[in-house]
Amino acid sequence: MSNEEERPGELVCTGAEATCVEIMTPREVPLGGLRALPVRRTLPQRHRSLIGAWCFLDHYGPDPVAETGGMWVAPHPHTGLQTVSWLFAGEIEHRDSAGHHAMVRPGEVNLMTAGRGISHSEVSTAVTTTLHGAQLWVALPDASRDTDPGFEHYAPDAVVGDGWRGRVFLGTLLGDTSPVVTHTPLLGAELVLEPGVILPLEVDPSFEHGVLVDLGSVTVDGVTAASADLAYVPPGDGTLALVAGEEGARVLVLGGPPFGESIVMWWNFVGRSHDEIVAFRQAWQAQITRDGAVVPDSSDVADGRFGIVAGDHLRPIPAPELPNARLKERR
């Protein structure tokens, strides 16, 4: 997924210290499409930009595609990250410049590794009437951020208990482990809780966690999070206590050890300095422009750092203008 803001701000990614559960509320951002698909952007925020290596979280829907036009994200670039796509309803077609063509469907994770550079497109399919899901990014550590582009698809089996069910798409939880490869330890899981269910989760005590509430409400270690909230939990004693509200709840549980590296994130790029981001932007613009104009469709894109999205004929997305000030590199 692309950051479609016309003037994306500089995102200096830091992990502020916390001693208790924090409730993070989203801001609404128009993603694009015929009439702009609204998404709720919960991460990054000014006071907290990372949870483990998770550095970006867009939560959207239930979206009536007939009214909004659905998701229509033309080819765009990424560096230094992995994208994680998770749907609750609908279907999205993914194409990327590493040659992967796949569908994103509910309960199945698609993870794309950008590494040194990739481009891709995401379009909701004609059979989709309602689009509902989350798009997340994971920052790659310095040792892996120039790795080859790649892609993995995984459909986890359901794990079922008394009044709850879950699917673990990254890492280990509830006795289940995902085979999907990540470059830092990570946790990603969907949990559905019946009304009033109490579910103590055994988690890695070195991880910080985020609980995104998709439906209903849930109490996280004694603090209530409403629909669309993201509850942040710092590293602790190895137990994450969830209590569903009176309507039940559906949540995503995310986690990982504090990232420990400073990154600069601007538009669709994760780098380490202002100069790197400038170079990434210049490389993308050089691929998609001829005589100062953006090429008509992706088949006219020149090969280069970000490759060509095969089989896609949408006009590629040009990079916004950089801010006037230098982008900062901080923890």
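Contact here means heavy atoms within 4.5 Å. The model shown in these views is predicted.

**View 1. Gln45, in the loop between β4 and β5.**
Not counting residues up to four places away in sequence, Gln45 touches Met24, Thr25 and Pro26. The Gln45 side chain reaches the backbone oxygen of Thr42 at 3.0 Å. Gln45 has 16% relative accessibility. Buried means under 20%, so Gln45 counts as buried.

**View 2. The open sheet of seven strands.**
The strand order is β3-β4-β5-β12-β7-β10-β13, and the pairing is antiparallel. Which strands stand at the edges? They are β3 (27-30) and β13 (150-154). Each has a single partner strand, so one side of each is left without a neighbour in the sheet. From one strand to the next, the twist averages 20°. Within this sheet, β7 and β12 (residues 130-139) run antiparallel and are joined by eight bridges. Ser85 has Gln135 in β12 as its bridge partner.

**View 3. Phe56, in strand β5.**
Strand β5 covers residues 54-64. Phe56 has a relative accessible area of 2% and is buried. Leaving aside neighbours within four places in sequence, Phe56 is in contact with Arg41, Leu43, Pro44, Gln135, Leu136 and Trp137. Gln135 is also the bridge partner of Ser85. Phe56 and Asp221 are 165 residues apart in sequence, and their C-alpha atoms are 23 Å apart in space.

**View 4. Gln82, in strand β7.**
Strand β7 spans residues 81-89. Is Gln82 buried or exposed? With 1% relative accessibility, Gln82 counts as buried. The side chains of Gln82 and Thr113 make a polar contact at 2.8 Å. Thr113 is also among the residues that Gln82 touches, when those up to four places away in sequence are not counted.

**View 5. The largest cavity.**
A search of the whole structure finds two cavities of 30 Å³ or more. The largest cavity has a volume of about 50 Å³. Which residues line the largest cavity? The lining is made by Thr83, Ser85, His94, Val104, Asn110, Met112, His120, Glu122 and Phe151. Strands β7, β10 (109-113) and β11 (118-124) are the elements that give two or more residues to this lining. One of the lining residues, Ser85, has Gln135 as its bridge partner in β12.

**View 6. The open sheet of four strands.**
The order is β6-β11-β8-β9, with antiparallel pairing. The edge strands, β6 (72-78) and β9 (101-104), each pair on one side only. The twist averages 20° from one strand to the next. Strand β6 is joined to β11 by five bridges, and the two run antiparallel. Opposite Pro77 stands Ser119 in β11. How many of the seven residues of β6 are buried? Six are, so β6 is largely enclosed by the rest of the structure. Further along the sheet order, strand β8 (residues 92-96) pairs with β9 in the antiparallel sense, over four bridges. Arg95 stands opposite His101 in β9.

**View 7. Phe259, in the loop between β23 and β24.**
The strands on either side of this loop are β23 (239-256) and β24 (263-266). Phe259 has 13% relative accessibility and counts as buried. Its contacts, leaving aside neighbours within four places in sequence, are Leu50, Gly52, Ala53, Ala139, Leu140, Pro141, Thr184 and Arg272. Between Phe259 and Gly90 the separation is 169 residues in sequence and 32 Å in space, C-alpha to C-alpha.

How values were computed
Residues numbered from 1 in each chain as written. Predicted model: local features only at pLDDT ≥ 70, side-chain atom pairs only at ≥ 80, totals over all residues. Heavy atoms only, no water. Buried < 20%, exposed > 50% of the residue type's maximum accessible area, 1.4 Å probe, protein only. Polar contact = N/O pair within 3.5 Å; in protein donor to acceptor, adjacent residues only side chain to side chain. Pairing = 2+ DSSP bridges. Axes fitted to C-alpha atoms, helices over the stretch in contact; angles between N-to-C directions. 1 Å grid on protein atoms, 1.4 Å probe; cavity = no way out; pocket = protein on both sides within 12 Å on 5 of 7 lines; lining within 4 Å. Points joined across faces, edges and corners; volume = space filled by probe spheres on them.
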